[in-house]
Amino acid sequence: MIAKVNGFTPATKRLDKFLKSQENLSHTRFIQGTLTNWFPKAALSRSFIDFSEFTFLEFLESGIFYFAAPFFGEHAFRNGLFKKVQPKKLQKTILKEVPKSIEEIKKSKLSQDLKNRVTTTKGGIILGCITIPAMEYALGFAKNLFTLKVFKVSDFNNVANLNKEKTENTEQQKHVEKHAKSVLLKTGLLSAGGIGAGLLLASKGHKYKTARKFSEILLEPGEQISKLLNIKSEKTNKFLKEYLKLDFVNNNGKLALSKGQLAVTCITGLFGYSSAAKDRGKLDFYEVWTRVPLVVLYTIFGSSILDAGFKKYLANKGKFPELIKRDQKGKIQNVPTRKELPQIAQKLAKANNTSTETELAKLIKQKSIITGVPFLFSLVAMGFTLSAVSRIWTKYRYEHQQKTQNQKIAELNPSFQEFKVNLLNNKTCNIY
């Protein structure tokens, strides 16, 4: 007899926790990102230095990607700095309305003055959140500095355990340190400037039409582009609205990460990594551009493409009809959320003459399959496969680079080949 925990078997309870984590974009993407990026690289690490620096990088990066926006937006700004620049009489009302979208604010019964204040406060908070992509851009340089200070290594060939001699170039080390500190300082100043400009916009912007329009564009650039270009395609408009949305998502009255915010941070990080990699050698730069663009795409879109394809496959096979349904046009509808499952379970229990608990357990397992299969496939394909391929390519480039250098030396010195042969045969030779 399997033990029950809160009405479910332990296995069902674990699946239930997994589903609940998937309902929150920050938690979902953190788990996906960490598993996809860190775990495979840990299993395929090339040296202790390599393991240490990507562990330092991945966990800080995941924190920035998935939790920095809600933390800064909700706690540091909405209920902190930006609260203080509002008139005391209006603070409560303005802060309550901030999580709502621009469209909701415009349709609300608030006075025009309050609508303007809420709009520019929202814009100011987003302007202050420039701190987040700035941090992400600087992260590659912080990693370089970490490796240099802790392990006294700046050459990527040594980090990746390609150069068995482990020699270090003093001038390169100085350049890595100087450039890293310079970028950290500049991004710090940029962050401070963004917060200052945001506070100014939130406190004074409501008086100016230009400032209010700027706030609307900043919050919903996708919608503005759609209107400007008069785009009629529903799918294109939906894509622009979701992935170019810099405003926060309203999560029960709290500011939560949006897909547009995640996209901006990821893309900024790519160029930060690229610039930082140049300081440590060509092979680091090449490895970044072999792996990171695909990781960025995966991080932004998650397993949504695989998820859509898998749901279509299940729908065509007639699987899980209570969860996967088509509308009148044949389009697959959104799978019910975890919160909606108990209501569906009650209806099924009456129809099947079973208990609600039994039906709910079945629905949890079915939804776990719908969600989990694309997730696990992404982990294997994007995680292990991509990490392994990028490492193989780096090793190949290094060996090709060494072969090319040896050929050039041989061309300049004909005695070089004779020296190599004699050295292998434990003989001595004269080099002319």
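C129 is buried, at 9% relative accessibility. C266 is also buried, with a relative accessible area of 1%. Buried here means under 20% relative accessible area, exposed means over 50%, and partly exposed lies in between, using a 1.4 Å probe and protein chains only. A search of the whole structure finds zero disulfides, a disulfide being a pair of cysteine sulfur atoms within 2.5 Å.

This is a predicted model, in which local features need pLDDT of at least 70 and side-chain atom pairs count only at pLDDT 80 or more, while totals for chains, interfaces and linings use all residues. Residues are numbered from 1 along each chain as its sequence is written, and side-chain values use heavy atoms, with hydrogens and water left out.

**Overall build**

The protein has 18 helices and two strands. These are DSSP runs numbered from the N terminus: helices are H or I with at least four residues, strands are E with at least two. Of the 432 residues, 45% count as buried. Contacts are heavy atoms within 4.5 Å. Among contacts with a separation of 6 or more, 66% come from residues 24 or more positions apart. The accessible surface is about 23900 Å², and carbon and sulfur atoms hold 61% of that area. Areas come from the Shrake-Rupley method with a 1.4 Å probe; for residues, only the protein chains shown count as cover.

**Cavities**

Rolling a probe the size of a water molecule over the atoms shows where empty space is left. The whole structure has two cavities of 30 Å³ or more. A cavity is a set of points, on a 1 Å grid over the protein atoms alone, where a 1.4 Å probe fits but cannot get out; lining residues have an atom within 4 Å of a point. Points are joined across faces, edges and corners, and the volume is the space filled by probe spheres set on them.

| Cavity | Volume | Lining by class |
|---|---|---|
| Largest cavity | about 240 Å³ | eight nonpolar, two polar, 10 charged residues |
| Second largest cavity | about 120 Å³ | eight nonpolar, three polar, five charged residues |

Nonpolar covers Ala, Val, Leu, Ile, Met, Phe, Trp, Tyr, Cys and Pro; charged covers Asp, Glu, Lys and Arg; the others, Gly among them, are polar.

The largest cavity, of about 240 Å³, is lined by 20 residues, and L57, K143, D284, E287 and R291 are the closest to its centre. Elements giving two or more residues to this lining are α3 (48-84), α7 (131-151), α13 (259-278) and α14 (282-301). The largest share, five residues, comes from α14.

The second largest cavity is lined by 16 residues, with E61, F65, Y273, V292 and V295 nearest its centre. Here α2 (25-43), α3, α13 and α14 each give two or more residues. Again α14 supplies the largest share, five residues.

K41 sits in helix α2. K41 counts as buried because its relative accessibility is 4%. Beyond its neighbours within four places in sequence, K41 contacts F54, E58, R291, S387 and R391.

S45 lies in the loop between α2 and α3. S45 is partly exposed, at 31% relative accessibility. Leaving out residues up to four places away in sequence, S45 touches D50, F51 and F54. S45 and S387 are 342 residues apart in sequence, yet their C-alpha atoms are 9.5 Å apart in space.

Technical notes. On a 1 Å grid over the protein atoms alone, a cavity is a set of points where a 1.4 Å probe fits but cannot get out, and a pocket is an open set with protein on both sides within 12 Å along at least five of seven lines; lining residues have an atom within 4 Å of a point.
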